[in-house]
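The following exercises ask the reader to work through parts of a protein chain. Each task is followed by a solution in steps.

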Amino acid sequence: MATDYYAVLGVRRDAGQDEIKKAFRRLARELHPDVNPDPKTQERFKEINAAYEVLSDPQKRQVYDLGGDPLSPNGGGAGGFGAGAAGFGFSDIMDAFFGAATGQRGPRSRTRRGQDAMIRLEITLEEAAFGTTKELQVDTAVTCTTCSGEGAAPGTSAQTCDMCRGKGEVSQVTRSFLGQVMTSRPCPQCQGFGTVVPTPCPECAGDGRVRARRTLTVKIPAGVDNGTRIQLAGEGEVGPGGGPAGDLYVEIAETSHPTFQRRGDDLHCTVTIPMTAAALGTQVPLQTLDGLEEVDIRPGTQSGQSIPLHGRGITHLRGGGRGDLIVHVEVQTPTKLDPEQEELLRRLAMLRGEERPSGQFAPGQQGLFSRLKDAFNGR
């Protein structure tokens with residue numbers, strides 16, 4: 001045995017793979033040609049790469065422990081780095097300088113988490129205000145009952161891939177300016193799983209899951225708004241290989257109401273009354289979310305005025321209490337009068353001295369922003 005690879009890395013003969021890798025990374029950071037260009041150091045760098053290539057591979061290490069040298073031309077090992085030196089894994093050099101690679105080495109699991117799913121649910125304004133319970137029909141992926149998520153037909157099982165021997169990846173040696181570089185890629189035969197399924201399940205075709213319809217009961221809390229999403233953990237799609245299910249999101253779609261318009265937790269509606277009712281006052285019945293109520297129209301109510309009904313709106317989603325119901329009054333002026341009605345109005349105008357009103361003029365129509373501006377300016 002020409003070279004003591006254990007001594008080159010400074011580890012015991014019974015050292016584990018983690019200890020060998022740590023020793024290699026430490027030495028590679030010290031001896032890499034980019035860090036230390038000394039020719040003697042470069043030769044030392046080649047030695048530690050050869051030692052790591054042998055000791056990190058269980059098969060090569062076994063040949064070496066039995067007295068052979070898997071890197072020698074007669075030993076069937078990889079070619080040299082330059083003249084007679086060993087090849088090395090490029091990813092191992094990257095690990096030495098930048099830490100472990102982002103991708104996980106070795107076979108990947110067939111069991112993976114399922115995807116999240118989303119479904120839209122229409123509810124009424126009343127259901128949004130007080131909450132409700134709904135049953136949903138969901139079409140999603142569930143675990144295959146025939147193979148219990150294994151993917152193999154009953155009575156069979158997955159077998160170790162004969163191409164990668166269960167590693168999930170295959171290695172390829174290419175030449176570069178550094179010499180021979182060994183790269184790894186997922187095994188094309190098992191797709192990186194390390195195992196193959198010779199006889200897939202006839203029900204799920206080896207995926208471990210099938211599409212099915214199931215019924216879910218969803219509790220809708222009071223106060224939800226249009227676009228609110230409710231998360232149902234673990235109710236999404238089951239993952240490949242019978243993996244854990246993702247989450248299901250229920251997106252609320254609130255339908256329009258024939259009377260009320262929602263703005264946050266407040267409700268708004270408009271009531272149109274004749275000018276006589278606005279002048280004399282009246283009571284108007286209104287079917288609220290809580291039942292029939294009388295809206296009190298006080299005498300002299302003007303068009304555009306609002307009448308609040310406190311606590312008749314939407315329940316606050318977070319915290320107690322409810323919003324308000326705002327009734328907007330619109331006074332309707334008659335457009336057609338019979339002779340008797342016209343005579344009565346003329347007599348009323350005469351009694352009020354409004355036969356030829358002078359009117360009150362203002363510089364344009366004041367909107368909300370104009371009124372706010374005047375308020376800040378002290379007008």
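Two strands count as paired if DSSP finds at least two bridges between them. The model examined here is predicted.

**Exercise 1.** Determine the order of the strands in the open sheet, and state which strands stand at its edges.

*Solution.*
Step 1. The open sheet is formed by 4 strands, and their order is 11-12-16-15. The pairing in this sheet is mixed.
Step 2. Strand 11 (261-263) and strand 15 (306-309) each have a single partner strand, so one side of each lacks a neighbour in the sheet; these are the edge strands.
Step 3. From one strand to the next, the twist averages 30°.

**Exercise 2.** How many bridges join strand 11 to strand 12, and which residue stands opposite Arg 262?

*Solution.*
Step 1. Strands of a sheet pair through backbone hydrogen bonds, in parallel or antiparallel fashion.
Step 2. Strand 11 and strand 12 (residues 266-274) run antiparallel and are joined by 3 bridges.
Step 3. The residue opposite Arg 262 is Leu 267, which belongs to strand 12.

**Exercise 3.** Describe the second largest pocket by its volume, its lining and the helices that contribute to that lining.

*Solution.*
Step 1. The second largest pocket holds about 540 Å³ of space.
Step 2. It is lined by 18 residues, of which Met 275, Thr 276, Ala 279, Leu 345 and Leu 348 are the closest to its centre.
Step 3. Helix 7 (275-280) and helix 8 (339-352) supply at least two lining residues each.
Step 4. Sorted by class, the lining of this pocket comprises 10 nonpolar, 6 polar and 2 charged residues.

Conventions: Residues numbered from 1 in each chain as written. Predicted model: local features only at pLDDT ≥ 70, side-chain atom pairs only at ≥ 80, totals over all residues. Heavy atoms only, no water. Axes fitted to C-alpha atoms, helices over the stretch in contact; angles between N-to-C directions. 1 Å grid on protein atoms, 1.4 Å probe; cavity = no way out; pocket = protein on both sides within 12 Å on 5 of 7 lines; lining within 4 Å. Points joined across faces, edges and corners; volume = space filled by probe spheres on them. Nonpolar A, V, L, I, M, F, W, Y, C, P; charged D, E, K, R; others polar.
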